[in-house]
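Reader: I have a model open here and would like to go through a few spots with you. Could we take them one at a time?

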Amino acid sequence: MGYRHFFEDAIGRLKTEQRYRVFADLERDAELFPLAHWHRSPGQIEDVVIWCSNDYLCMGRHPEVIGAMAEAAAHYGVGAGGTRNISGTNHPLVELESELAQLHGKDNALVFTSGWISNLAAISTIADCLPNCLILSDALNHNSMIEGIKRSSAERKIFRHNDLDHLEELLQAAGPERNKLIVFESLYSMNGDIAPIGKIADLAERYNAMTYMDEVHAVGLYGAHGGGIAERDGVMHRIDVIEGTLAKGFGTLGGYIAADSMIIDAVRSYAPSFIFTTALPPAVAKAACTAVKLLKNGAEWRAQHQRQSMLTKHALSAAGLPVMPNHSHIVPVFVGDAERCKAASDMLLERHGIYIQPINYPTIPKTTERLRITPTPLHTDAHIVHLVESLVDVWKALKLPFVVEPKIVEFKRETVDARCTFPEFKRAAE
């Protein structure tokens, strides 16, 4: 029996809906970031500027992080040797979990192979450990959180995004005696908006609910020590379970939860996607631990990151481009059409040497398509000028609507040495 046509039909539907994804062949250069080499075709390589990396603070190219990984790989080898159940826990993982627990002010932490897996494993396991549990989930929660909720046997209800009145209504209806788990994010990465964490904690305490918060897009970037939005707002101690990633602000790979030691032990003991998965390799754990330690004293790096993010927003808005407002480092530029969003992304890459992936359904709802821009401390003011001018050109070429008449913000255009070093973050203009 021939099955191939089913897969052809599936791919064809994606292409018809303008949702087919093409991955650019990019060769990052640690010394030159945010520049990368784009393998446009066999034998044709061009330099491009990356504007959509989730390595927000460029820790993936920090010399101390690279050095820690190289040294650990030479010492321990490159693999973990198996699951923790079979091979034990490599010592760099023990050190990493200790650093993460301390970062979030919790008893213990547990590291997974990715942030997606940590949400899948932790949410489903925690909910199933609570008899007759009701999960209350924010409407804009990440796919990994949704999959974790689906995997559990608990009843679930969705509250409107950041809507405290709706959340309280659902909590009241559930009653004080029923076990309840509120699942939400601190910073929603597609819109860049931030949850009212303290007020959600107020409701959780009033109605006897547990809280589970995803800090994936905030750890390393916010708070005095990089503990995230909850640390910045002084409410870490009021959240029962904090989930984070090592692959964004910390620039490496893996995910984790931090919580009371009994919660951690329950997830460790019951979650199949933890028990039966090969552990994070010691070299990766060592690199991640180094990044966490560095960013505990990384106020200067965080400040420079915020500066470049805010400057990018200001310059794009001044040019009349439809920047979606928020109070975080995320810079979403609204398009509202899948085909034109993809066309804008392609034109930026091919005409201007700028790499920004289009964000389309199912990552976000249809008709809300956008370009999601993520400045880093190593994006110079000259890079920002180039970005603004390029986007204005693309908007005009595709006849996309401006918010106001475009006006380019002027900066100095000194030549910049892209091989800038930590922690100075050399820039084009002050």
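Reader: Which residues does H383 touch, not counting residues up to four places away in sequence?

Author: H383 touches P34, V49, W51 and L378 once residues up to four places away in sequence are left out, where contact means heavy atoms within 4.5 Å. Please keep in mind that this is a predicted model, in which local features need pLDDT of at least 70, side-chain atom pairs count only at pLDDT 80 or more, and totals for chains, interfaces and linings use all residues. Residues are numbered from 1 along each chain as its sequence is written, and side-chain values use heavy atoms, with hydrogens and water left out.

Reader: Is H383 buried or exposed?

Author: H383 counts as buried because its relative accessibility is 17%, and buried means under 20% relative accessible area, with a 1.4 Å probe and protein chains only.

Reader: And where is the place of H383?

Author: H383 lies in helix α15, residues 381–397; helices here are DSSP runs of H or I with at least four residues, numbered from the N terminus.

Reader: Switching topic, how many residues has the largest nonpolar core?

Author: That core has 58 residues, a nonpolar core being a set of buried Ala, Val, Leu, Ile, Met, Phe, Trp, Tyr and Cys residues joined through side-chain atoms within 4.5 Å. Helix α12 (residues 282–296) supplies the largest share of this core, 9 residues.

Reader: What does a second, separate core include?

Author: The second core, of 38 residues, includes V49, V331, I356 and L391, and V49 is also one of the residues that H383 touches.

Technical notes. Helices (H or I, at least four residues) and strands (E, at least two) are DSSP runs, numbered from the N terminus. Buried means under 20% relative accessible area, exposed over 50%, partly exposed in between (1.4 Å probe, protein chains only).
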